[in-house]
Amino acid sequence: MNDFLNKLFKWYKANARDFPFRRTTDPYLIWLSEIIMQQTRIEQGVPYYNKFADVFPTVQDLAVATEDEVLKQWQGLGYYSRARNLHSTANDIVEKYNGIFPETYDRLRALKGIGDYTAAAIASVCFGLPHPVMDGNVIRFITRHFGITGPVDEAAVKKEIMEVLNGLMEQIQDAGCRLQDAGCRMQDILHPVSHIPHPTSGTFNQAMIEFGATYCVPRNPQCNNCIFNDSCYALKFGMVEKLPLKKQQQPLKPRYFNYLVISVRGKKGLFFRKRTGNDIWKGLYEFPLIETSKTVNLQRLMNTPEWRQFFGASKVKVLGQSTQVSHLLSHLKITARFYTLEIEKPSEKFGTYILRSKFNDLPVHRIIEKYLEDY
Ligand code: SF4
C-alpha cells in the first residue's frame, strides 16, 4: 500500500473513537447508524442510535412498529423524512428480502432512502465491497490533501473526488483481496476499537471520515502536527481555509407560522393536527396552523380566510399570544407565534383533541416540543 494509506491506517489504529456501531458489522445496525448520523453531530446521534437499537433491535421489530412510534423515537433529531423512509424500507426488507439485507451495492442503492453514501457504507463495512463513501468530512480532507480546487457542489468536481477515492480503494485491493462470488471482498483486519475482523474497505471508509471529522476539521486544523503535512496540497499552497470551495449559498427562505393553541373551556387538553402533504415535518403533530406570507398581528390574522374557516361565527376568546420564535432549517427560516385561544365546544375541524397527560405520546417537531416544555 502507498504511503498515504499506511499513514491513514496507522493513525486510525491509534485514534479511532469507540462508538457502539463500530463494534458490529450487522447491516441493520450499520444502516440505522448511517441514517441517524446524516446531518447530525455524532455526539447527538449516538443516544438516538442506542435508543433505536434498544427499542427496535431487529429490522423486523422496526417494520412492525407504527409510524407514530418510529417518529416518537426520532423526535428532536430533525429531517423527519429519514425516519419515515427508515420505517418504510424496514417493511420492504422484511417483505421482499425476508428480513435479510441485500448484499450488493446496486440492490442496497435501490432501497428507499438509501443513497450512494449509505449503500457504500453498508457494502464496505458489512460485505467488504470496494465502494468509497463521500461525506463532508471526506470531501474536506480529500480536496485539501490532493488539491481539488473546483466547487464541490458541482457534479464534475464530486466525480473527481470519487476518482481519487476509487484509486485509493484499488490500491488497498491490490495489496491483498480475495475474490468471492459477490465480488471482490477486502481482506478482514482487526478493527482498532472492537478488535473483531472488519473488512479493510469498511475500515478505510471509517478512517477517512474519522480523520476529516477529528483532525482535518473545517476551522484551524492542526496542520503543523498533521501526519500528512509533507504531502498536503492545501498546506503547501496556503489554501487550507479556502478548501473545500463552495458556490455561493442560497439565502434561507422565510416562512411565517401562526399556531392556534386551542383549549375548550373547563377542559384539560388541546387540539393537534398531523402534518400531511409534501412539506417539512410530514407525519408529525402540531397545533392548528395558519401560515401567512409575512408577520401579521392578531387583528390581521383574524381577518384571514383560514381564521374565518376555523371559527366562523362561533365564540372564541383570545387568552394571549407568545413572542416570536425563530427556527432555522437547512433551507428555511421559520418565524412562529402562538396564540392561546379558548372555545366553548370542541369541533373536529380543529383536529384531534388530546388530553394534557397524553401530550408526551405524540411525535411533534422541535418548535412544538419547546412550546410544550414551557406549557
Ligand atoms: S495538513 Fe492540514 S489541511 Fe492538510 S490534511 Fe493535514 S490537517 Fe488537513
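**Ligand shell.** Helices here are DSSP runs of H or I with at least four residues, strands are runs of E with at least two, and both are numbered from the N terminus. H9 gives the largest share of the shell, 3 residues. I noted 14 residues around the ligand, and Cys216, Pro221, Cys223, Cys226 and Cys232 come nearest. A residue counts as near a molecule or strand if its C-beta atom, placed from the backbone, lies within 6 Å of it. By class I have 11 nonpolar, 2 polar and 1 charged residues in this shell. Nonpolar covers Ala, Val, Leu, Ile, Met, Phe, Trp, Tyr, Cys and Pro; charged covers Asp, Glu, Lys and Arg; the others, Gly among them, are polar.

**Source of the model.** I am reading a predicted model, in which local features need pLDDT of at least 70, side-chain atom pairs count only at pLDDT 80 or more, and totals for chains, interfaces and linings use all residues. Residues are numbered from 1 along each chain as its sequence is written.

**Whole chain.** I recorded 15 helices and 12 strands. The C-alpha atoms fill a box of roughly 80 × 50 × 30 Å along the principal axes. Of the 375 residues, 33% are buried. Buried means that 20 or more other C-beta atoms lie within 10 Å of the residue's own; exposed means 12 or fewer, partly exposed is in between, and C-beta atoms are placed from the backbone. Among contacts between residues at least 6 apart in sequence, 64% join residues at least 24 apart. A contact requires C-beta atoms, placed from the backbone, within 7 Å.

**Helix H11.** I checked the length of H11 (residues 200-214): its 15 residues at 1.5 Å each should span 21 Å, and the end C-alpha atoms are 20 Å apart, which agrees. The expected span is 1.5 Å times one less than the number of residues. In H11, 13 of the 15 residues are buried, so the helix is largely enclosed by the rest of the structure.

**Alanine 120.** I found alanine 120 in helix H8 (residues 116-127). Alanine 120 counts as buried because it has 27 C-beta neighbours inside 10 Å. Leaving aside neighbours within four places in sequence, its contacts are Tyr105, His131, Pro132 and Val133. Methionine 134 is 14 residues from alanine 120 in sequence and 8.8 Å away in space, C-alpha to C-alpha.

**Strand S5.** I followed S5 (residues 253-264) to its partners. S5 pairs with S11 (residues 332-343) in the parallel sense over 12 bridges, and proline 254 stands opposite lysine 333 in S11. S5 and S8 (residues 289-292) run antiparallel and are joined by 4 bridges, with tyrosine 256 opposite threonine 292 in S8. Pairing requires at least two DSSP bridges between the strands.

**Domains.** I took the division as domain 1 (3-236) and domain 2 (253-374); such bounds come from an automatic or database domain assignment. The C-alpha centres of the two domains lie 39 Å apart. Their contact takes 9 residues from domain 1 and 8 residues from domain 2. On the domain 1 side, helix H5 (67-74) and helix H6 (81-97) are the elements that give two or more residues. H5 gives the largest share of that side, 4 residues. By class, I have 2 nonpolar, 3 polar and 4 charged residues on the side of domain 1 that touches domain 2.

Notes:
Two residues are in contact if their C-beta atoms, placed from the backbone, lie within 7 Å.
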